[in-house]
Structure formats: C-alpha cells, structure tokens
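Hi,

Here is the structure I promised to pass on. Please have a look at it, and my notes follow below.

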Amino acid sequence: MNHITLAPVQPDQPSHLMATYGRQAISFVRGRGSYLYTEDGTEYLDALTGIAVCGLGHSHPVIAEAIAEQAATLIHTSNLFEIPWQTAAAQKLAEVSGMQEVFFSNSGAEANEGAIKIARKYASQQGIQNPKIVVAEKSFHGRTLATLSATGNSKVQEGFFPLVEGFIRVPFGDLEALQEVALQHPDIVAILIEPIQGEGGINTAPQGFSYLEDVRALCNQHNWLMMLDEIQTGNGRTGQYFAYQHTNIVPDVLTTAKGLGNGFPIGAVMTQAKAVGILGPGSHGSTYGGTVLGSRVVYTVIDTIQKENAVENAAKVGSYIVEQLRGQLSGLNVEVRGFGMMIGVELPKACPEMVAIAREEYKLIVNVTAGSVVRLLPPLNMTQEQADDLLSRLVPAIKQFLA
Ligand SMILES: *Cc1c(COP(=O)(O)O)cnc(C)c1O
C-alpha cells in the first residue's frame with residue numbers, strides 16, 4: 001500500500017484554509033467508540049461525536065469494513081444507472097421512518113434544499129404564485145442561501161442579503177402564533193421545523209412532543225406540507241429512530257443527514273402521503289447523491305443501529321445521564337433538558353470557556369451552543385460505564401466553571 005505521511009505542521013506555517021471556522025488547537029489521529037486519541041496517545045471522551053454524526057461511535061468496525069470493501073469494489077457509477085445499494089438503503093430508511101420515497105443528498109443543507117423545493121413545487125401545482133413556508137425562531141437549517149434564509153438566527157444571515165424570499169417566522173412551540181399566521185397568509189404551503197432545536201440550544205416545545213401533533217392537525221386543516229428537519233434529531237439520537245416517533249404522527253416531508261452515514265457525508269429528503277411524487281423526472285438531482293459507496297454505508301449504519309439496539313440504548317443511557325446530571329448539579333441553577341443522547345445543560349451564564357475547561361482539564365469533548373448551553377451528543381451505543389465516565393468529567397468541569 002502507498003502510505004503518505006504528513007510532515008508535522010510548523011507553528012509559523014501559513015494556512016491556505018478559508019478562515020470560516022474558529023478551530024480548537026488540537027487534532028485527533030484515531031478514534032474508537034466513545035473515545036478520541038491525539039498523536040501522543042492522550043485519550044479524550046467524545047461527548048460531541050462530530051456534532052451528532054458518529055452515532056455508532058468512532059471507526060465502528062462493521063462500518064469501516066463496509067466502506068473498505070465497497071471502496072475496493074465500486075465507489076460510484078451514476079444516477080443514470082440502477083444502484084441496488086441505493087434501492088436497498090431507501091427501503092431500510094422507509095422501514096425505520098414510515099416514509100415512502102427517498103432522495104439522497106450529500107449533506108443536511110442539501111436535504112433541506114430538497115424539502116424547500118418540494119414545498120415550492122407543491123405550491124406551483126396549485127397555482128400559488130408567492131408561496132410561504134413557516135419556520136421557527138432560533139431554528140437552524142443550514143448554510144446554503146435558501147437554508148440560511150430559513151434559519152432563525154440573524155448571525156447566520158448577516159452579510160448575505162438579499163435572502164431567499166418566502167419564509168414566515170413564528171416562535172418555536174407557539175401554536176397560537178401558528179394559528180394566527182394561518183389566518184393572515186392564505187399562501188402558506190408548508191411548515192419546516194426541528195422536533196428539538198439543536199443549534200438553538202436543545203430546545204423542546206413548552207408542551208413537549210404534543211406540539212408536533214398540533215402542528216400535524218393544523219397542516220391537515222390548511223393543506224400544508226408538514227416538513228420536519230431531523231438532520232440532528234434523526235437516526236436514533238433522541239431515543240426513537242426519528243423524534244416524531246415519540247408521537248403517533250408522520251410528517252409529509254422528512255430530512256435527515258448527520259447520523260445517517262456515521263461520518264460518511266450523506267443526507268436524505270423523504271416524502272409520504274400528499275408529498276409523494278411532487279419531485280418527478282428532471283426536477284431534482286445530485287451527481288454524488290446516493291453513490292454506491294454512500295448508499296452501502298447508509299444501509300449498513302441502519303442495519304447496525306438495529307442489530308445493536310442502539311436506539312433503545314440511547315433512550316436508556318440518555319435518561320440515566322439526564323437524571324444523574326439533574327441530581328449531581330442540583331442547587332446550581334442549571335437546567336438539564338433533552339431526550340436520548342441529545343442533551344443540553346443550560347448554565348446560568350454564557351459559558352464559551354466550558355469547551356476549553358472540559359477539554360484541557362478533564363479530557364472531555366463537548367460543545368457550547370446558544371451561548372450558555374453545554375451540548376452533549378454522545379454515541380447512541382455508549383455503555384452505562386462510559387456514561388459514568390462522562391459524568392465524572394463533566395460534573396466537576398461545570399462545578400469548576402460556576403465556582
Ligand atoms: C447540521 C444541521 C443542518 C445542516 O446540515 P449540514 O450537513 O451541515 O449541511 C440542518 N439542520 C439541522 C437541524 C442541523 O442540525
């Protein structure tokens with residue numbers, strides 16, 4: 001094999017990367033399950049998993065083997081041809097979601113672009129000229145022009161005007177606000193929301209998942225498409241395969257990505273009921289969408305999640321973590337919220353320093369979102385012993401920060 005070894009980076013070496021990310025000065029060379037390792041072998045507990053991506057943990061042997069074997073056999077042909085692994089991956093996704101049709105994209109934002117296009121096409125089929133999609137405050141839907149326009153965070157939009165038109169914003173979880181815009185805007189055709197807002201701070205609706213049932217009823221009443229962005233909440237993250245499965249409803253359009261490939265970049269937009277068939281021949285496409293390799297990864301990830309009972313484990317170990325955090329942090333004015341392995345710990349003040357404290361002093365990788373929320377997105381298949389390891393690092397880190 002032709003191995004290439006990187007020369008060590010010199011401290012004064014100029015970088016040719018666009019400075020779009022605020023990066024932490026650390027890199028990992030190896031990962032296994034819930035742990036990451038630096039070049040010198042230092043072990044870190046990863047409670048972020050590449051932002052809800054590696055749900056089965058790092059370098060899962062079954063996924064690694066599927067990738068290696070498929071890469072050595074056939075990586076890509078084209079959507080000009082039949083792709084049996086893509087057909088099989090779509091079948092698996094339909095099975096776990098209750099959706100009917102699947103279109104594979106390469107990322108979350110692209111999956112949402114597909115959903116937005118479905119809403120626009122749905123409108124045009126009804127002769128609606130200026131269709132509107134209802135979106136939520138504090139939402140995050142991606143960084144492409146249409147998805148940043150849908151996003152409820154002005155920082156993401158700053159400098160990119162004019163935005164894509166046709167979005168109406170309501171507070172997340174506010175059913176009355178939704179009923180009000182329904183009366184004001186007869187040209188609404190869809191709603192796009194996250195069941196739990198991830199980037200926005202692990203926000204659940206005040207009334208819990210029953211909000212989704214109310215939204216479903218409103219969508220039925222007004223003939224809107226109910227579109228759920230499960231890019232972060234999907235693939236077992238919240239202790240159900242998809243978060244809407246905490247209820248009895250099914251959306252018309254569903255997007256996912258992140259955990260779908262366990263690190264392999266792939267996303268999907270799915271439809272059922274009245275959204276089926278809206279995107280027909282020639283209306284959408286992607287060169288890389290659903291390659292042989294990507295599709296085999298999706299198939300293998302879903303199959304492995306099922307065989308390992310990873311969703312059930314996420315529910316069980318996730319509620320253990322929440323319960324322990326509530327107990328061990330009681331009296332510190334923190335709020336612990338979330339479902340399964342999607343957990344937010346809101347501290348009483350902004351806590352950007354928590355990332356460095358956890359990493360440097362406790363060898364724990366976490367993320368801070370919405371200013372004051374420590375976000376935990378550990379692997380779905382984390383053991384209770386590893387959860388205790390997480391708690392034994394996180395609790396003192398938070399106590400140290402708040403002291
Ligand atoms: C991450 C995320 C996206 C964007 O996905 P990308 O793969 O980064 O384009 C969209 N919506 C939600 C809810 C997300 O968490």
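The UniProt annotation "binding site", from an unreviewed entry, covers Gly-108, Ala-109, Phe-140, Asp-229, Glu-230, Ile-231, Gln-232 and Thr-287; UniProt positions are given in the numbering used here, feature names are shortened, and annotations may be inferred rather than shown by experiment. They span 180 residues in sequence, and the farthest two C-alpha atoms are 25.4 Å apart, so they do not all gather at one spot.

Before the details, a note on the source: this is a predicted model, where local features need pLDDT of at least 70 and side-chain atom pairs count only at pLDDT 80 or more, while totals for chains, interfaces and linings use all residues. Residues are numbered from 1 along each chain as its sequence is written, and side-chain values use heavy atoms, with hydrogens and water left out.

I looked at two of the annotated residues. Ala-109 sits in helix α4 (residues 108-125); helices are DSSP runs (H or I, at least four residues) and strands likewise (E, at least two), numbered from the N terminus. Ala-109 is buried, with a relative accessible area of 16% (buried means under 20%, exposed over 50%, partly exposed in between, with a 1.4 Å probe and protein chains only). Beyond its neighbours within four places in sequence, Ala-109 is in contact (heavy atoms within 4.5 Å) with His-141, Gly-142, Arg-143, Thr-144 and Thr-147.

Phe-140 lies in the loop between β5 (132-136) and α5 (145-150) and is partly exposed, at a relative accessible area of 21%. Again leaving aside neighbours within four places in sequence, Phe-140 contacts Thr-151, Val-156, Glu-194, Glu-199 and Asp-229.

Best wishes
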